Amino acid sequence: MRKVHIVTFGCQMNKLDSELAAEALVDAGHAVVEDEAEADTVVFNTCSVRDHAEQRVLSRLAQLRGRRESDPDFRLGIMGCFDESEG
């Protein structure tokens with residue numbers, strides 16, 4: 001079982017998508033946690049409609065780079081329209 005923390009950027013639609021993703025993760029046997037430091041997986045639900053949201057995603061990715069490099073068990077997932085637009 002992985003402990004997953006979901007960070008939502010952007011619009012109201014993304015908030016709903018994050019809730020649905022959290023439900024699916026719980027149904028799959030994972031735990032969704034409120035504290036990012038507790039999580040061994042962080043998922044960014046992203047938005048590319050507003051430049052500010054894009055910049056926040058890029059900043060957060062940079063912040064977690066060190067954790068990803070130092071912890072081989074740590075996973076970082078990206079979903080949403082930023083992911084789709086950036087490939």
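These legends describe close-up views of a predicted model.

Local features need pLDDT of at least 70, side-chain atom pairs count only at pLDDT 80 or more, and totals for chains, interfaces and linings use all residues. Residues are numbered from 1 along each chain as its sequence is written, and side-chain values use heavy atoms, with hydrogens and water left out.

**View 1. The protein chain holds 3 helices and 4 strands.** Helices (H or I, at least four residues) and strands (E, at least two) are DSSP runs, numbered from the N terminus. Along the sequence the pattern reads β-α-β-β-α-β-α.

**View 2. An open sheet is built from 4 strands.** Their order is S2-S1-S3-S4, with parallel pairing. Two strands pair if DSSP finds at least two bridges between them. Strand S2 (31-32) and strand S4 (75-80) are the edges, each pairing on one side only.

**View 3. Strand S1 lies alongside strand S3 in parallel.** S1 covers residues 3-8 and S3 covers residues 41-46; 5 bridges join them. Ile 6 stands opposite Val 43 in S3.

**View 4. Helix H1 packs on the sheet.** H1 spans residues 12-27 and touches S1, S2, S3 and S4; contact means heavy atoms within 4.5 Å. The direction of H1 makes about 170 degrees with that of S1. Axes are lines fitted to C-alpha atoms, for helices over the stretch in contact, and angles run from 0 to 180 degrees between N-to-C directions.

**View 5. Buried residues make up 31% of the 87 residues in the protein chain.** Buried means under 20% relative accessible area (1.4 Å probe, protein chains only). Among contacts between residues at least 6 apart in sequence, 76% join residues at least 24 apart.

How values were computed
Buried means under 20% relative accessible area, exposed over 50%, partly exposed in between (1.4 Å probe, protein chains only).
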